[in-house]
Amino acid sequence: QVQVVESGGGLVQPGESLRLSCVASGTITGIYSMGWHRQAPGKTRELVALVRHGEDPKYVDFAKGRFTMSRDSAKNTAYLQMDSLKPEDTGVYYCNVDGIGSDYQLFDVWGQGTQVTVST
């Protein structure tokens, strides 16, 4: 069974930075993609950034220029460096990982999320 755990959220002031981490653990044969999503209060969950195996990260428009996603394949870990944070970046940030697990079964797992609050 594969588990995904996010960390690194917190309360920051506008203009400050946070670095989120996402670790996938369990029996993992290979990972196709790792993605960061967020859900603001009262809104639906939305994609922030995504990295597929062998490709560069891709970002949605609001993340371009401020957020940087990276991946450590050897550690099954992804990071989201968020700079110049704004109050509208407030929300729960989730990591999603899909790939191949034990017995070559496909998996698609979400973490429990980490809260990011940007406020004065």
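# Chat about a predicted model

Reply: The torsion about the S-S bond of C22 and C95 is about -75°, so the disulfide is left-handed. This comes from a predicted model.

Me: How many disulfides does the structure hold?
Reply: The structure holds 1 disulfide.

Me: Are C22 and C95 buried or exposed?
Reply: Both C22 and C95 are buried.

Me: What stands opposite C22?
Reply: E6 stands opposite C22. The strands involved are β1 and β3, which run antiparallel and are joined by 5 bridges.

Me: Which way do the side chains of β1 point?
Reply: They alternate along residues 3–7.

Me: New topic, the core. How many residues are in the largest nonpolar one?
Reply: The largest nonpolar core has 28 residues. W36, L80, M82, Y93 and V97 have the most contacts inside it. Strands that each supply at least two residues of this core include β3, β4, β5 and β9. Others among them are β7 (67–72), β8 (77–82), β10 (106–110) and β11 (114–118).

Me: What does M82 touch?
Reply: Leaving out residues up to four places away in sequence, M82 touches E16, S17, L18, L20, R66, F67, Y93 and V116.

Me: Now H37. Buried or exposed?
Reply: H37 is buried, with a relative accessible area of 14%. The cut-off for buried is under 20%. H37 is found in strand β4.

Me: Which residues does H37 touch?
Reply: Not counting residues up to four places away in sequence, H37 touches R45, E46, L47, V48, V92, Y93, Y94, N96 and W110.

Me: R45 is on that list. What ring does R45 lie over?
Reply: R45 lies over the face of W110, at 4.7 Å from the ring centre. There is also R19, which lies over the face of Y79 at 4.0 Å from the ring centre.

Me: How many aromatic pairs are there?
Reply: The structure holds 0 aromatic pairs.

Me: Back to β4. How many bridges join β4 to β5?
Reply: 6 bridges join them, and the two strands run antiparallel. R38 stands opposite E46 in β5. β4 and β5 form a hairpin with 6 residues between them.

Me: Which residue in that turn has a positive phi?
Reply: G42, with a phi of about 80°. G42 is found in the loop between β4 (28–39) and β5 (46–52).

Me: Is G42 buried or exposed?
Reply: G42 is exposed, with a relative accessible area of 89%. In space, G42 is 9.8 Å from G91, C-alpha to C-alpha, and the two are 49 residues apart in sequence.

Me: What about β5 and β6, how many bridges over there?
Reply: β5 and strand β6, residues 58–59, pair in the antiparallel sense over 2 bridges. The bridge partner of L50 is K58 in β6. The hairpin of β5 and β6 has 5 residues between the strands, and G54 there takes a positive phi near 80°.

Me: Which residue other than glycine has a positive phi?
Reply: N76 is one of them, with phi near 50°. N76 lies in the loop between β7 and β8 and counts as partly exposed, at 21% relative accessibility. S84 also has a positive phi, of about 50°, although it is not a glycine.

Me: Where does S84 lie?
Reply: S84 lies in the loop between β8 and β9. Its relative accessible area is 41%, and S84 is partly exposed.

Me: Last one, D103. Which loop?
Reply: D103 is found in the loop between β9 and β10. D103 is exposed, with a relative accessible area of 69%.

Me: How many residues lie D103 and T27 apart along the chain?
Reply: D103 and T27 are 76 residues apart along the chain, and their C-alpha atoms are separated by 9.2 Å.

Conventions
Residues numbered from 1 in each chain as written. Predicted model: local features only at pLDDT ≥ 70, side-chain atom pairs only at ≥ 80, totals over all residues. Heavy atoms only, no water. Disulfide = S-S within 2.5 Å. Buried < 20%, exposed > 50% of the residue type's maximum accessible area, 1.4 Å probe, protein only. Helix = DSSP H or I, 4+ residues; strand = E, 2+ residues; numbered from the N terminus. Contact = heavy atoms within 4.5 Å. Pairing = 2+ DSSP bridges. Phe/Tyr/Trp six-rings, centres within 6.5 Å; stacked < 30°, edge-to-face > 60°. Lys NZ or Arg CZ within 6 Å of the ring centre and 35° of its normal. Core = buried A, V, L, I, M, F, W, Y, C linked by side-chain atoms within 4.5 Å.
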